[in-house]
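Visitor: I have a new structure to read. Please walk me through it, one feature at a time.

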Amino acid sequence: MALIDLKNIHKHFNMGEENIHALNNINLSINEGEFTSIVGTSGSGKSTLMNIIGLLDLPSEGQYFLDGVNTTLMTDDDLSKYRNQKIGFVFQSFNLLPKASALKNVEMPMQYASTYNKDISDGMIRKMALETLDKVGLSSRVHHLPNELSGGQRQRVAIARALVNNPKIILADEPTGALDSKTSEEILTLFKELNAQGTTVIIVTHDSGIANRCRRVLSMSDGLMKDSVQVKI
Ligand SMILES: Nc1ncnc2c1ncn2[C@@H]1O[C@H](COP(=O)(O)OP(=O)(O)O)[C@@H](O)[C@H]1O
Ligand SMILES: [Mg+2]
């Protein structure tokens, strides 16, 4: 059974007179443990697709099965919990809370998890956040604020935040878009390591160097998708 299974997904945005067809009949299955990149020109539907896979937005038509559950039938509250359990997000602009330390930023998704899972204590949240910051190589920066960190370090905090609930899937939308090439390389290496440990990773990227190192590449154009598997990488 696929971890991610999209069936006949459409997404329309109604903008007054205009109806934008951002996704046009997407069918996609991704198995647990895959490392996939999504490429395509600006406006081709990549972020819209990521938002639907990440349960941040709902399709206009079609069915989405995530880890065996038909999410199309879930309530908003259940969608939030399921998203929090299954998915970690990484964005181009990091999206960290500016007034919170690295540690507090990483604790955030687990704090939300503790509101519906009473087995999660404050002590566990602290311990997991510290362990996860250590995993991304930031154990010496836990009390720093985002503006006291480099771009690469901020993205590592964001990756730790994405990982803290031990999600099955990491969704990264242009995660290296704001980073120099050396730092991008380090972040890609970190994603590869996480994938080797079992996490399913999906990266939207403009960087052909990154896409060329993924076996599976999904190319988007005008809301349509071409799925290709590279023999040699
Ligand atoms: N919230 C929205 N409201 C209206 N139109 C949107 C919205 N989000 C995306 N779109 C439109 O959908 C299309 C795909 O956008 P997007 O998924 O952001 O593309 P990409 O990430 O590939 O650059 C674009 O034409 C964009 O303008
Ligand atoms: Mg985008």
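**Sheet, ligand shell and a helix pair**

Guide: Start with one pair: the bridge partner of K7 in β4 is Q63. This is a predicted model, where local features need pLDDT of at least 70, side-chain atom pairs count only at pLDDT 80 or more, and totals for chains, interfaces and linings use all residues. Residues are numbered from 1 along each chain as its sequence is written, while chains are lettered from A and ligands numbered from 1 in the order written.

Visitor: Which strands does that bridge belong to, and how do they run?

Guide: Strands of a sheet pair through backbone hydrogen bonds, either parallel or antiparallel. Here five bridges join β1 (residues 4–15) to β4 (residues 61–66), and the two run antiparallel. Strands (E, at least two residues) and helices (H or I, at least four) are DSSP runs, numbered from the N terminus. Two strands pair if DSSP finds at least two bridges between them.

Visitor: What is the strand order of the sheet?

Guide: The order is β2-β1-β4-β5, in an open sheet of four strands with antiparallel pairing. β2 (18–30) and β5 (69–70) are the edge strands, each pairing on one side only.

Visitor: Which element gives the most to the shell around ligand 1?

Guide: That is α1, with three residues. β1, β2 and α1 (46–53) each supply at least two.

Visitor: How do α5 and α6 pack?

Guide: Axes are lines fitted to C-alpha atoms, for helices over the stretch in contact, and angles run from 0 to 180 degrees between N-to-C directions. Helix α5 (residues 151–163) and helix α6 (residues 181–196) pack at about 20 degrees, with axes 10 Å apart. So α5 is roughly parallel to α6, a term for angles under 35 degrees.

Note on methods: Angles under 35 degrees count as roughly parallel, over 145 as roughly antiparallel, 65 to 115 as roughly perpendicular and the rest as oblique.
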